[in-house]
Amino acid sequence: MLAPAPSGKRMPSQNRSRCILALVLALSAGPARAAERLAQDWPEASRKAAEAVADKYGAPQEQTATLLIWHRNGPWIRTVVHKVGAEHDFPAKHSDVLEQSLPYKVPLNLFSAVATFNGSVIPDRTRGTLTTYGASEAENVLSLNLARAVVRGELTAEQARDKEVAAAQQLANGQVPDLAAKLTLDQQQEGDVSDPDTAMILPPSRTR
């Protein structure tokens, strides 16, 4: 609320308009920077990830002392920035602070191949999602694109690892390889790819 002018005098209309404009601009800019303000005392990797996601997608829909969460942002069904990430040494030492998920069904016989390629790319059979953890969105896009190639039989897990190493070196040098620039996964519908499995224990009131 604007404070009244001193001595009971009304604020000149020009000054009043400027104050209102400044207030509107401050309020409009606030949500986009909410994640950055909340994460300002986080470790550097988490803070950088939070700033990058907030700059691209706006303020998170949920936030706690250790998590920032976006829903349905861009191609993702969920994006989470963690204050404390898991240490991951492949393809180079980093902290997995950025979690991003897509609806994508990985056949059960290929779960092991995906894990062999990259332990931070995780298929979820029940929800029908493929989730990746990394230090940045570009790294996550890279990992998911290569996981897709493994699932489709275009690359072995070992070949995909080699490609991730080469692409990660380009990212470290300030270049963005095609594999890290845009997702190539087919945009599947969640309802078509979730798998609730089969109930083996029925309620007492029901019989087979």
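Modeller: Two residues are in contact when heavy atoms of theirs lie within 4.5 Å. The model here is a predicted one. The spot I will take is serine 46, which lies in helix α2, a helix made of residues 44–57. Leaving aside neighbours within four places in sequence, serine 46 is in contact with Val81, His82, Lys83, Val84 and Val97. Strand β3 covers residues 78–88 and strand β4 covers residues 94–103. By their numbers, Val81, His82, Lys83 and Val84 therefore belong to β3, and Val97 belongs to β4.

How far is the side chain of serine 46 from the backbone oxygen of lysine 83? A polar atom of that side chain lies 2.6 Å from the oxygen. Is serine 46 buried or exposed? The relative accessible area of serine 46 is 1%, and buried means under 20%, so serine 46 counts as buried.

The loop between β3 and β4 contains proline 91. The peptide bond leading from phenylalanine 90 to proline 91 is cis, and its omega is near -5°. Arginine 72 is not a glycine, yet its phi is positive, at about 55°. Its relative accessibility is 57%, and exposed means over 50%, so arginine 72 is exposed.

Leucine 144 is found in helix α4. Its relative accessible area is 0%, so leucine 144 is buried. Leaving aside neighbours within four places in sequence, leucine 144 is in contact with Trp76, Leu102, Val121, Leu130, Thr132, Leu183 and Leu185.

Two packed helices are described by the angle between their axes and the distance between the axes. The crossing of the two helices is right-handed. On the α4 side, the residues that meet α5 are Ala138, Glu139, Leu142, Ser143, Leu146 and Val150. On the α5 side, they are Ala157, Ala160, Lys163, Glu164, Ala167, Ala168 and Leu171.

Now the chain as a whole. It has seven helices and six strands, and along the sequence they follow the pattern α-α-β-β-β-β-α-β-β-α-α-α-α. Of its 208 residues, 36% are buried, and serine 46 and leucine 144 are among the buried ones. Counting contacts between residues at least 6 apart in sequence, 57% join residues at least 24 apart. The chain exposes about 12600 Å², and carbon and sulfur atoms supply 54% of that area.

One more residue lies towards the end of the numbering. Aspartate 197 lies in the segment after α7 (190–193). Its phi is near 70°, which is a positive value in a residue other than glycine. With a relative accessible area of 48%, aspartate 197 is partly exposed.

Note on methods. Residues numbered from 1 in each chain as written. Predicted model: local features only at pLDDT ≥ 70, side-chain atom pairs only at ≥ 80, totals over all residues. Heavy atoms only, no water. Helix = DSSP H or I, 4+ residues; strand = E, 2+ residues; numbered from the N terminus. Buried < 20%, exposed > 50% of the residue type's maximum accessible area, 1.4 Å probe, protein only. Polar contact = N/O pair within 3.5 Å; in protein donor to acceptor, adjacent residues only side chain to side chain. Areas by Shrake-Rupley, 256 points an atom, 1.4 Å probe, with all protein chains shown as cover. Left-handed = near helix turned anticlockwise from the far one by under 90°.
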